[in-house]
Amino acid sequence: MRFRRVVTAAATALLGMAGLAITATSAEAAVGPRPNFQLPFPCNQVWNGDNDNSSAHRAYEIDFNRGSSAGADLGDTVVAAAAGKVVTSAHQGSANGFGNLVKIDHGGGWSTYYAHLKVRSVAAGVQVAQGQKIGEVGNTSKPGNNISPHLHYEVRTNDALWPDNIKPAYFNGAKFGYPNANVTSKNTCGGNGNPNPYDAVEVCGDGYKVIDSQALGSAATTYLLYNGTTKNNCVTTIKATSVGTGSAVSAFLEVEGAARKTDSGSFEYYAGPVSAAAGAKCVKWGGSAGSSSYESPLEHCG
């Protein structure tokens, strides 16, 4: 994952009702920026999410349905809420109530869970784009557990133990209206699925707006952002190819008269954020991805 480069001695913890083992390290004091999650269904479909109608829910889990009868949603397409790497694609058997489960690692300590699937359309170890089909709505569970078809959806982080690691769901930048809400999918409404779960604003943080950008061939794009409240600039390089696989990426920001600040390494999703207060001074900014690089002149003054 992009968030930490250094991994220390690991301890294994049980992942609550999922019955899966995760690795926790002393370097995981916090998680990275939240990916740009979308509803896990095709564009413009409207689904009802329910959080408080199941005794198995412990935090922010959501059960999704849209049909008018108990079996109406059986076989409906489920898509990836954001790009990432499939780390689990298996029937959980008698281990828990998840049945056919797909888990996607989005980097930065974020994962999503898609449970009770009728069909799993992806295998563990593959990289998926946002909006790519990963399965179908089903009612699989542990033996003797009879449930009606629905999608059980969760967002988890790796900075806490279950159930504290289950986080509120966001779709298209808006928090789900707990405990119950209808949501219209914006997943891949712009065309092809996004191969990278992060965008520049998410990496730099709330309050920043993109004021300039430069494509690094087809490999990545370097962005310059500005926060009008803090008067800070921020630079990040977002990968477009080899997403989910570590490759050489960098981002830098240099305020006129000050030392250059750089973030570089082998990253899966992005380099940065690199930020600094410029005030009325000009800045140089840029980055690299593989053999492609960009360095701006002194610009964006004041």
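1. Setting aside neighbours within four places in sequence, E61 is in contact with D50, N51, A56, H152, Y153, E154, I166 and Y178, where contact means heavy atoms within 4.5 Å. E61 itself sits in the loop between β3 (46-50) and β4 (62-65); strands here are DSSP runs (E, at least two residues) numbered from the N terminus, and helices are runs of H or I with at least four residues.

2. This is a predicted model, in which local features need pLDDT of at least 70 and side-chain atom pairs count only at pLDDT 80 or more, while totals for chains, interfaces and linings use all residues. Residues are numbered from 1 along each chain as its sequence is written, and side-chain values use heavy atoms, with hydrogens and water left out.

3. E61 is buried yet has no salt bridge, and R156, the nearest side chain of opposite charge, is 6.2 Å away. Buried means under 20% relative accessible area, exposed over 50%, and partly exposed in between, with a 1.4 Å probe and protein chains only. A salt bridge is a side-chain nitrogen of Lys or Arg within 4 Å of a carboxyl oxygen of Asp or Glu; Lys and Arg count as positive and Asp and Glu as negative, with His and the chain ends not counted. The E61 side chain does reach the backbone nitrogen of A59, at 2.7 Å.

4. The domain assignment divides the protein chain into domain 1 (45-185) and domain 2 (200-295), with bounds that come from an automatic or database assignment. Between the C-alpha centres of domain 1 and domain 2 the separation is 33 Å.

5. β3 and β16 run antiparallel and are joined by five bridges; two strands pair if DSSP finds at least two bridges between them. Within this pairing, V46 stands opposite T184 of β16. Strand β16 (residues 180-184) has a covered face with A181 and V183, and an uncovered face with N180, N182 and T184. In a regular strand the side chains alternate between the two faces of the sheet.

6. Two bridges link β9 to β11 (residues 133-136) in the antiparallel sense, and G135 in β11 is the bridge partner of R120.

7. Most residues other than glycine have a negative phi, and most peptide bonds are trans. The bond joining Y178 and P179 is cis, with omega about 5°; P179 lies in the loop between β15 (174-175) and β16. The bond from G272 to P273 is also cis, with omega near 0°, and P273 belongs to strand β22 (residues 270-277).

8. Two asparagines have positive phi values. N44, in the loop between β2 (21-25) and β3, has a phi of about 75° although it is not a glycine; at 52% relative accessibility, N44 counts as exposed. N172, in the loop between β14 (170-171) and β15, has a positive phi of about 55° and is partly exposed, with a relative accessible area of 47%.

9. The structure holds six salt bridges. One of them joins the side chains of R66 and D76 at 3.0 Å, N to O. Both residues lie in the loop between β4 and β5, so the pair ties together parts that are ten residues apart in sequence. R66 is partly exposed at 40% relative accessible area, whereas D76 counts as buried at 15%.

10. E254 forms a salt bridge with R260, the closest N and O atoms being 2.8 Å apart, and R260 is partly exposed, with a relative accessible area of 35%. The side chains of K284 and E295 meet in a salt bridge at 4.0 Å, N to O. This pair links distant parts of the chain, with K284 in strand β23 (residues 283-289) and E295 in strand β24 (residues 292-295), eleven residues apart. K284 is partly exposed at 24% relative accessible area, as is E295 at 44%. Salt bridges that share partners join E254, R260, K284 and E295 into one network.

Note on methods:
A polar contact is a pair of N or O atoms within 3.5 Å; within protein, one must be able to donate a hydrogen and the other to accept it, and residues adjacent in sequence count only if both atoms are side-chain atoms.
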